[in-house]
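The sequence and the model are shown first.

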Amino acid sequence: MPAPLFPTKYSHFSDDLREFVITDPRTPRPWFNYMWNDRYAGLISHTGGGFSFAETPRDNRLTRMRYNCLPWDRPGRYVLVKDTESGKYWSLSWAPTIDRTYTAYECRHGQGYTKIKTEVEEIAGEITYFVPVDYPGEVWRIRLTNRSARPRSLQLYAFVELMMGNALNDIINQPNDKHFTDVHFDPTAQALRCTRRYWVLNKKVSVSQPNLEWPYHLYFTMTTPITGFDGSLDAFIGRWRSEANPECVESGKMKNTEITAGDPVAALQSEVTLPPGASVDLAVLMAIAPKTETDPLSYLNWKAMRNVETLDDEFQRLRNKWDDYLRAVKVQTPDADVNAMLNVWNPYQAAVTFDMARNSGYYHGGLLFGTGIRDQFQDILGTVIVESNRVRARLLNALRYQFRDGSTLHNFFKLADTGEKTNHSDTPLWIPFGIMEYLNETGDHGILDEVVAYHQSDETGTVYEHLVRAIDYALANLTDRGIPKIWNGDWNDTLDKIGPEGKGETVWGAFFLAYNLRKVMPLLRLRRDVQAQERFAAAYEQLRTNVNKHCWDGDWYIRAFRDDGTPVGVAAHDQGNIFINAQTWCVISGLAPKERGDKALESLKKLLVRPKGVQICWPSYTRVEENVGLISRCVPGKKENGAIFNHASSWAVLSLLLNGDIETGCDIYKRMLPLNSAKDIDRYEVEPYVFAEYITSPDHPTEGQASHSWLTGTAVWMFRIGLDHILGLRTELAGISIDPHIPAAWKEYRVERRFRGKRLMVHVMNPKGKNSGITRMTINGVEVSPGIIDVGSFAGDVLQIEATM
Ligand code: GLC
């Protein structure tokens with residue numbers, strides 16, 4: 001038996017790395033996974049918790065998650081098994097019956113599915129939760145095996161608490177919301193058919209009600225014969241009880257309640273008898289059909305889907321989909337940690353962030369934020385390699401929220417088609433960033449001529465015009481001395497009170513603007529847009545002059561200037577003296593002269609680097625500064641007030657690599673991998689298989705504790721920094737180049753990558769123990785000069801690239 005991979009006391013990875021295996025359910029927090037497609041989505045914890053939704057988690061929530069509740073992570077998608085002889089019952093997902101004696105427990109989070117195996121009272125249970133590849137529903141595939149020497153008669157109770165509609169309204173107005181629910185048993189479907197008679201689509205806490213119907217029926221069925229049901233949560237659970245001891249399960253008798261009004265549950269009972277050693281296969285299926293469908297059961301392919309063989313085929317399809325997805329990038333380096341992350345969990349997390357934004361998680365509860373424009377244009381970075389068509393559609397959609405002056409909403413809500421304009425100064429600039437990344441990957445210049453209307457305007461513009469306007473908007477928002485106005489914040493959301501009057505400045509914003517000016521230059525050249533080229537090149541140089549004239553503090557770059565002109569992020573202060581983004585992006589943008597870039601990164605290394613990554617600012621604020629903002633109200637050492645904020649920390653890695661400090665960059669990269677940062681798991685607490693948004697720094701007594709796992713820009717950046725910069729396969733308009741930045745100890749590595757319809761098989765050798773630089777290269781056996789590879793000029797689908805450092 002090989003030793004378990006990357007073990008913690010609760011868990012390890014499967015040998016093929018594709019599954020994260022939890023062996024002790026008493027983890028420090030619920031550990032989640034996702035199952036989803038474009039039509040239906042859910043998160044699922046290792047105890048069966050989490051919620052489901054369609055399209056958006058606020059406006060179209062299907063099942064309930066109870067916020068701020070104890071015990072954690074309730075309710076969920078539960079199946080209780082009851083031994084009719086002894087009367088004992090237990091859950092197949094451990095919760096909610098966590099006080100029973102489980103002789104075995106194991107949870108496997110895979111890509112798009114979660115499988116929980118248990119054994120209680122000599123009944124082995126296996127429940128696999130998944131959302132099929134393109135079905136508007138979810139499956140709980142179950143197998144029960146009688147491991148005892150006697151025949152067993154079992155009752156099964158599958159249930160889920162329903163929400164159906166606006167999740168925020170369900171919290172603030174549930175006693176009135178209850179007057180609109182319907183749950184009925186549909187004998188033809190052998191299912192509970194559930195709906196709500198109205199639908200709140202706006203998020204305003206407002207007494208004026210819309211006059212809309214929730215447009216779906218939700219069906220809930222089991223594949224074994226149904227012996228009873230309940231639609232009333234009260235009736236099923238009983239008085240003064242919880243999901244851990246429902247009255248109907250204890251009595252063994254369902255009440256067959258149907259509701260018009262009341263708290264809805266979908267609860268079904270079934271019975272099986274199992275001879276010694278025998279198994280039974282069954283499933284629970286929950287799906288939604290629009291009310292406009294005249295034949296909802298054929299729409300849902302009901303007959304076939306109520307059949308375990310079909311569901312097993314669906315599961316196989318899902319596995320194949322993810323095999324294909326992950327095949328897009330395969331790496332083989334001398335470092336097992338890097339391989340584990342880059343081959344499976346990092347691209348998987350990136351796929352989740354692309355579809356969930358910062359909005360559908362245990363820590364991002366789906367009630368507030370919608371999709372952030374800034375986040376959207378970054379979160380494409382993983383998915384674009386594999387599913388560029390979906391990315392294309394997403395970009396075109398997001399551009400609808402750009403105004404004709406080039407500014408944008410800050411966030412938007414898919415179904416409600418609204419959003420907020422918050423005046424975060426950086427947000428529009430992520431448009432050129434994202435579009436350039438899309439073009440660099442795909443070479444699909446056709447997108448630039450697509451026409452998209454400006455928000456709340458009759459005017460339309462091509463994608464290219466949208467891109468140029470975003471930059472021109474930023475150029476129109478400089479102060480008299482030519483530094484970008486910060487307005488209500490920039491990438492750091494909580495630097496929100498530095499410049500509300502329109503005089504305060506963002507130094508990071510100057511670097512970010514310059515970075516974008518430089519990034520779009522090859523495109524402007526290609527389009528022969530001489531005017532924009534001249535405008536942007538001049539602006540770039542002017543920014544260089546301005547920041548270096550006004551924004552250097554002696555050992556590092558200042559972070560910002562307030563409306564009253566006083567600086568933020570200077571040595572002379574007693575808190576918030578140095579901010580990470582100004583030191584990293586001065587290098588990433590190319591604006592820092594070599595000497596200052598070196599010095600800024602030296603200061604970063606001296607003052608901000610911690611064992612698990614790089615601190616976002618230091619010292620953390622301990623006193624409120626009204627004219628800095630929310631950051632100073634947050635407790636020191638957490639979140640943006642001085643935590644290791646992984647998204648920004650990843651940029652520190654990037655800047656160190658670009659600046660030639662490759663060993664340090666690679667070292668921090670490695671320490672940031674959750675496999676490593678989560679090693680002290682009882683302190684770290686959250687999932688050790690995906691990046692968390694932040695880890696508390698030494699400025700907080702819980703140093704090393706992570707939070708806000710899953711939905712963070714860290715996922716795409718760490719993936720692409722690993723792939724593009726460490727392994728060095730960097731995409732550009734003209735093609736792809738191989739430009740490694742690796743630890744000198746790596747003797748060789750391999751990367752396979754899909755790119756513009758070809759498969760690149762890259763083998764890099766490092767006989768001299770260097771950190772960077774390719775000296776010799778062959779493609780398909782033919783010697784070429786190292787540089788950009790125009791893959792289109794090579795015949796065949798596969799390019800064998802041999803490179804020597
Ligand atoms: C969150 C937001 C992101 C922001 C960051 C720092 O991750 O989603 O947009 O830049 O916090 O404030």
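K178 is partly exposed, with a relative accessibility of 26%; partly exposed lies between buried (under 20% relative accessible area) and exposed (over 50%), with a 1.4 Å probe and protein chains only. The model is predicted: local features need pLDDT of at least 70, side-chain atom pairs count only at pLDDT 80 or more, and totals for chains, interfaces and linings use all residues. Residues are numbered from 1 along each chain as its sequence is written, and side-chain values use heavy atoms, with hydrogens and water left out.

**Salt bridges**

A salt bridge here is a side-chain nitrogen of Lys or Arg within 4 Å of a carboxyl oxygen of Asp or Glu. The count by this rule is 70 salt bridges.

| Pair | N to O distance |
|---|---|
| D263 and K178 | 3.5 Å |
| D312 and R141 | 2.6 Å |
| R481 and E505 | 2.7 Å |

Helices (H or I, at least four residues) and strands (E, at least two) are DSSP runs numbered from the N terminus. K178 forms its salt bridge with D263. D263 sits in the loop between β19 (259-260) and β20 (264-274), and K178 in the loop between α2 (174-177) and β15 (181-186), so the pair ties together parts that are 85 residues apart in sequence. D263 is buried at 11% relative accessibility.

The salt bridge between D312 and R141 joins helix α7 (residues 308-327), which holds D312, to strand β13 (residues 137-146), which holds R141; the pair therefore ties together parts 171 residues apart in sequence. D312 is partly exposed, at 32% relative accessible area, whereas R141 is buried at 11%.

In the salt bridge of R481 with E505, R481 lies in the loop between α12 (463-475) and β28 (505-506) and E505 in strand β28, 24 residues apart. R481 is partly exposed at 31% relative accessible area, and E505 is buried at 3%. Elsewhere, salt bridges with shared partners connect R64, R66, E161, D170, K178, E243 and D263 in one network.

**Nonpolar cores**

A nonpolar core is a set of buried Ala, Val, Leu, Ile, Met, Phe, Trp, Tyr and Cys residues joined through side-chain atoms within 4.5 Å. The largest one has 248 residues, and the members touching the most other members are L144, F220, W302 and F536. Helix α13 (residues 507-526) supplies the largest share of this core, 13 residues. A second, separate core has 14 residues, including V249, M254, V265 and A267.

Contact means heavy atoms within 4.5 Å.

**Residue A41**

A41 belongs to strand β5 (residues 41-45) and is buried, with a relative accessible area of 4%. Beyond residues up to four places away in sequence, A41 touches M35, W36, F51, S52, F53 and M356. A41 and D134 are 93 residues apart in sequence and 11 Å apart in space, C-alpha to C-alpha.

**An open sheet**

Three strands form an open antiparallel sheet in the order β35-β36-β37, where two strands pair if DSSP finds at least two bridges between them. The edge strands, each pairing on one side only, are β35 (644-645) and β37 (706-709). Strand β36 (residues 692-695) pairs with β37 in the antiparallel sense over three bridges, and Y694 stands opposite S707 in β37.
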